[in-house]
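Morning, everyone. I'll walk through one structure, contact by contact. Please bring it up on your screens.

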Amino acid sequence: MSELSSSVKHPFTPRQLDLLIPRGWDAHSEPESDNALSTIEIESDNTVLPHDIMDFLADVETSAADIEPAPPTRFAVPLSDDAVKEASKAAVPKTTQKDTLWCIRLWNEWRKERNSRTEEQIPADIIALSPAVLQCWLSRFVLEVRKKDATAYPPDSLYHVICGIMRFMRQNGKPEVDFFKESAYADFRATLDAEMKRLKQAGTGSRKRQAEPLTLQEEELLWKKRILGDHSPQALLNSVFFYNGVCFALRSGDEHRRLRYKDSQIQIVEKPGQRAHLMYTEDSSKNNQGGLKGRKMARKEVIHHENSENPSRCPVRLFKLYNSLCPKDRPADAFYLQPLKKPRPDCWFSVKPLGHNPLNNIVRDMCNAAGISGYKTNHSLRATTATRLYQAGVDEQLIMERTGHRSLDGV
């Protein structure tokens, strides 16, 4: 009202203005109830207003119409310091955050148990410890820490835990700390080196359990036993997951979970005169998280053509069929959906995304149902890709491009 009144002159007497303001109101207050609004309507209906007041009301209405609505905001709402700190945490992958917490939790569990057994007490705040004091306790830690079953950690795991503790300190006020380069931690490095050598000589952790690839005979068994196929919602889901893993060498968990329906990483490409194919374009992965470090890294792109010789096992056809049998109101940020127990002819899947555990165990469950032995996990599909390409004589550099490995050691 202040903006309008400053632009429209109204030489009215108090009595004239009183006709516009219900009794009991303050000119600068809001109405107290709906009854007050009805009062102004009744008074307006029963009162003949002077012409100058009517002109004033018309001017006010015109002035209000002349005020342009505020344009839509271009920028986001202002953020607090806490919101900025929370956003910066996203630079560290969630798996790394969880791993860091596990490492520092292991340190604290060891510290509390040791403090309960000896008079020599380890301070609770690891960040506040000086390098001289911290290297003393770190040396004892690597010699005394054990798994829950009281067995020793393998050498690589021990090194991994120390890296996690160092990462925790860097993220909490000690960005300069480096256990492996600073001279202040030389004695600790010698202790860690000696313990890792001792563990290796003792055979601790010498056998790493790695996911085994699927042979062609094992894949054939999955089709023969109708665990793969298009005859049921679960079989169709299994088939699409299987081909996404083998064709595009997706990693076991995160890369499958990050697949979207809207703006999907996997697109169907159909052009006249060309074979239809699926094209996978990586947005982020374990080796390419984006951000400042990944700014110039090339994104992985993989093309897989249709199987015109055996349409029943064609990845393109099964991909299209799966999407056609998903609900129209499916979530945009999820690709794998839960199979319906009672599917309809035009809809086989729920709007609910497939849960983490069922998704993580798809390959294991398929192999168990088919009676396939060995250590088979979702990562077996990526291993299958690398193994089959290598056996076919494909150059290792080309295998790396499809699997996304950054070194030949990982292939």
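Start with E220 and R313, which form a salt bridge with the closest N and O atoms 2.9 Å apart. By salt bridge I mean a side-chain nitrogen of Lys or Arg within 4 Å of a carboxyl oxygen of Asp or Glu. E220 sits in helix α10, residues 216-224, and R313 in the loop between β3 (301-305) and α13 (315-324), so the pair ties together parts that are 93 residues apart in sequence. Helices (H or I, at least four residues) and strands (E, at least two) are DSSP runs, numbered from the N terminus. E220 is partly exposed at 40% relative accessible area, and R313 is partly exposed at 22%. The cut-offs: buried is under 20% relative accessible area, exposed is over 50%, partly exposed is in between, with a 1.4 Å probe and protein chains only.

A word on the source. This is a predicted model: local features need pLDDT of at least 70, side-chain atom pairs count only at pLDDT 80 or more, and totals for chains, interfaces and linings use all residues. Residues are numbered from 1 along each chain as its sequence is written, and side-chain values use heavy atoms, with hydrogens and water left out.

Back to charges. The salt-bridge count comes to 15. One of them joins E120 and R114, at 3.8 Å, N to O. R114 is buried, at 14% relative accessible area, while E120 is partly exposed, at 42%. Salt bridges also link R114, E120 and E144 in a network. Then there is D346 with R344, at 3.9 Å, N to O. Here D346 is exposed, at 54%, and R344 is partly exposed, at 46%.

Which buried residue has no salt bridge? That is R111, and its nearest side chain of opposite charge, D125, is 9.1 Å away. For charge, Lys and Arg count as positive, Asp and Glu as negative; His and the chain ends are not counted. R111 lies in helix α6, residues 94-117. Leaving aside neighbours within four places in sequence, R111 is in contact (heavy atoms within 4.5 Å) with I122, P123 and A124.

Now aromatics. The structure holds 15 aromatic pairs. Rings of Phe, Tyr and Trp (its six-membered ring) pair if their centres lie within 6.5 Å; planes under 30 degrees apart count as stacked, over 60 as edge-to-face, and the rest as tilted. W107 and F141 have ring centres 5.3 Å apart and planes at 55°, so this pair is tilted. W107 lies in helix α6 and F141 in helix α7, residues 131-144, so the pair ties together parts that are 34 residues apart in sequence. Both W107 and F141 are buried.

Y159 and F180 make another tilted pair, 5.1 Å centre to centre with 40° between the planes. Y159 lies in helix α8 (155-171), and F180 in the loop between α8 and α9 (186-201), so parts 21 residues apart in sequence are tied together. Y159 is partly exposed, at 38%. F180 is partly exposed too, at 25%. Ring pairs also link F241, F319, Y322, F335, Y336 and F349 into a cluster.

Last, the whole chain. The protein chain has 17 helices and five strands. Buried residues make up 35% of its 411 residues. Of the contacts with a separation of 6 or more, 57% come from residues 24 or more positions apart. Thanks, that's it from me.
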